[in-house]
2 protein chains.
Amino acid sequence: MDLDLRKLRYFVAVVEHRHFGRAAEQLYITQPVLSRQIRAIEQELDCTLLERTTRRVELTPAGKQLYQEAQGILAAVAAAVQRVHDADRGTRRLVVAFSPGLHVADAIRAFAQRHPDVETDVVPARWWEPDASLRDGRSQVGYLRRPFDESGLHTIPIGQDPRVACMPAAHPLARRDELTSADLDGERMLDVPRRRTSSLEEKFELIASGQGIALVPRSVARSYSRPDLAHRPVTDAPAIETCLAVLADRRERLVRDFLEIATATLRRT
Amino acid sequence: MDLDLRKLRYFVAVVEHRHFGRAAEQLYITQPVLSRQIRAIEQELDCTLLERTTRRVELTPAGKQLYQEAQGILAAVAAAVQRVHDADRGTRRLVVAFSPGLHVADAIRAFAQRHPDVETDVVPARWWEPDASLRDGRSQVGYLRRPFDESGLHTIPIGQDPRVACMPAAHPLARRDELTSADLDGERMLDVPRRRTSSLEEKFELIASGQGIALVPRSVARSYSRPDLAHRPVTDAPAIETCLAVLADRRERLVRDFLEIATATLRRT
DNA sequence: GCCGTTGATACCTTCTCGGCATGGATCTCG
DNA sequence: CGAGATCCATGCCGAGAAGGTATCAACGGC
């Protein structure tokens with residue numbers, strides 16, 4: 001049982017390049033070393049992670065799983081080192097994750113005023129796994145849009161985000177002030193993208209180019225507003241809830257204070 | 001940035017014992033090695049983690065933080081390995097770990113008959129950490145000899161293994177049919193070996209060469225029986241318990257079925 | 001003040017990691 | 001269809017890290 005962080009890094013590199021030689025180059029080691037290290041992981045885990053021919057490198061199910069796990073672990077280690085340094089310097093630090101479109105500046109400002117000694121930072125939450133940075137420790141608090149995996153988290157609903165239909169500005173429906181889901185029947189709808197590599201920009205690009213219409217949270221539509229796109233409320237679509245989230249076992253003073261200040265800020269507005 | 005999982009484990013051990021020597025003993029390494037590894041972590045993180053005098057070992061704030069972080073990371077790694085194995089076993093597969101000398105063939109045969117589609121396999125459990133393969137996911141069920149770390153495990157006692165004294169065949173005590181612990185007073189006893197590289201074969205070799213006598217479970221003595229060794233029951237030595245063990249949170253169908261079949265097999269014999 | 005305990009240091013051994021050379025399989029192209 | 005290019009695997013070697021033994025130095029208890 002000797003799973004090494006170095007080996008995990010190697011594995012991640014190979015997966016991302018789908019190519020031993022190039023991965024080795026990026027890692028500043030030679031290809032044979034990489035081959036042997038990957039094989040070592042496979043032996044330690046006693047399972048095949050990569051199907052490799054001289055022509056292509058493909059992930060097995062176990063490999064796919066390990067790739068995910070490795071990313072999380074490496075991120076967690078990096079965050080941990082950061083926090084150890086913070087603890088050593090006596091500086092206290094709070095990182096807030098936020099789903100695209102949600103505004104955290106007010107709360108952060110209020111918090112910073114109350115705790116001038118605490119360093120604050122924000123990181124974007126990836127929409128396909130909004131809770132990831134909370135779980136791997138890169139952030140302590142999240143302003144997240146539901147749904148996400150809430151197991152092990154303490155969540156405080158803070159608002160509703162109505163869904164709007166986002167379409168090309170020239171679309172016939174854009175002449176209406178508001179829509180119902182019935183109006184969208186027969187329109188080509190863009191689903192939630194499956195691949196996590198696809199960004200929201202990509203999605204709006206598709207919409208603008210006339211590939212279809214998408215239902216998105218209003219706050220997202222607003223942040224990405226552009227002249228060639230229109231968004232109109234869909235009155236009968238269920239709104240998307242947004243909430244504050246923290247790890248359930250992370251109840252230190254700093255985090256509790258932030259939650260309090262954040263909810264107070266909300267009430268004031 | 002060369003934070004190693006091994007070093008994290010070392011650090012956790014030192015923190016939990018608040019004592020380098022005892023931690024080293026638990027880790028099956030020597031104390032100087034541990035001292036150096038801890039210092040290496042401190043250099044890599046560029047901060048002091050432990051205040052140590054010859055009399056006490058105390059945590060600094062950074063050390064306290066790293067202790068928390070390390071626990072989380074190690075747990076995360078273990079869980080990750082577990083999930084990779086699960087992903088790999090899309091094909092259904094059950095691996096049974098067994099302490100040396102315990103017989104699992106009957107149960108496996110019965111299980112294989114009932115589940116012809118499930119691949120079965122056995123792996124030996126290393127005596128110094130019989131539960132390791134359960135925890136790291138290489139096995140799902142164990143036939144293990146106590147004692148071992150049962151935290152997080154569900155265990156079902158399945159029998160007693162009386163202790164026998166194992167000695168050279170020519171030893172005076174070998175002329176007796178059974179012994180008591182009083183008979184062993186004054187004999188040189190071979191302790192449980194410290195180094196985890198030492199095998200049972202090695203131990204029996206030592207006994208045969210006249211280095212001493214050892215108390216071992218009867219089933220072990222039987223599996224390793226050889227003409228130049230004799231083993232005699234020690235009537236008043238507490239018997240060693242054997243049990244079935246599974247991870248407490250591993251209650252899937254396959255595992256439950258195996259436990260049922262295994263206990264039924266035991267009752268029949 | 002002496003002795004036992006405990007962590008640190010010095011020195012040696014062993015094993016893993018990384019590099020280089022090369023083999024063997026597969027795809028491409030003439 | 002065969003020659004060449006590409007790319008991962010294997011064998012062997014050197015350097016460095018990890019582990020062991022012996023010993024020192026500091027601190028506490030009596």
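Please keep in mind that the model is predicted.

I begin with the interface. Contact between the chains involves 27 residues of chain B and 25 residues of chain A. Together, chain B and chain A bury about 2400 Å², and 65% of that area is on carbon and sulfur atoms. The interface of chain B and chain A has two salt bridges. Glu69(B) and Arg83(A) form a salt bridge through their side chains, at 2.6 Å from N to O. Four residue pairs are in polar contact across the interface of chain B and chain A.

Which elements of chain B give two or more residues to the side that touches chain A? They are α1 (5-17) and α4 (61-88) of chain B. The largest share, 15 residues, comes from α4(B). By class, this side of chain B has 16 nonpolar, three polar and eight charged residues.

I turn next to the nonpolar cores. The largest has 63 residues, and those with the most contacts inside it are Phe11, Leu49 and Leu50 of chain A and Phe11, Leu49 and Leu50 of chain B. Beyond its neighbours up to four places away in sequence, Phe11(B) touches several residues, including Ile38(B), Ile41(B), Leu49(B), Leu50(B) and Leu66(B). Another core, of 20 residues, lies apart from the largest one; Leu94(B), Val96(B), Leu102(B) and Val246(B) are among its residues.

Finally, the salt bridges. Over all chains, the count comes to 31. In chain A, a network of salt bridges links Asp86(A), Arg89(A), Arg93(A), Glu119(A) and Asp121(A). Within this group, the side chains of Arg89(A) and Asp86(A) meet at 3.2 Å, N to O. Both residues lie in helix α4 (residues 61-89) of chain A, three residues apart, about one turn of the helix.

Arg93(A) counts as partly exposed at 21% relative accessibility, and Glu119(A) counts as partly exposed at 36%.

In chain B, the side chains of Glu241(B) and Arg146(B) meet in a salt bridge at 2.4 Å, N to O. Glu241(B) is in strand β10 and Arg146(B) in the loop between β5 and β6 of chain B, 95 residues apart.

Technical notes: Residues are numbered from 1 along each chain as its sequence is written. Chains are lettered from A and ligands numbered from 1 in the order in which they are written. This is a predicted model: local features need pLDDT of at least 70, side-chain atom pairs count only at pLDDT 80 or more; totals for chains, interfaces and linings use all residues. Side-chain values use heavy atoms; hydrogens and water are left out. Contact means heavy atoms within 4.5 Å. Buried area is the accessible area (1.4 Å probe) that two parts lose on being put together, summed over both. A salt bridge is a side-chain nitrogen of Lys or Arg within 4 Å of a carboxyl oxygen of Asp or Glu. A polar contact is a pair of N or O atoms within 3.5 Å; within protein, one must be able to donate a hydrogen and the other to accept it, and residues adjacent in sequence count only if both atoms are side-chain atoms. Helices (H or I, at least four residues) and strands (E, at least two) are DSSP runs, numbered from the N terminus. Ala, Val, Leu, Ile, Met, Phe, Trp, Tyr, Cys and Pro count as nonpolar, Asp, Glu, Lys and Arg as charged, and the others, Gly among them, as polar. A nonpolar core is a set of buried Ala, Val, Leu, Ile, Met, Phe, Trp, Tyr and Cys residues joined through side-chain atoms within 4.5 Å. Buried means under 20% relative accessible area, exposed over 50%, partly exposed in between (1.4 Å probe, protein chains only).
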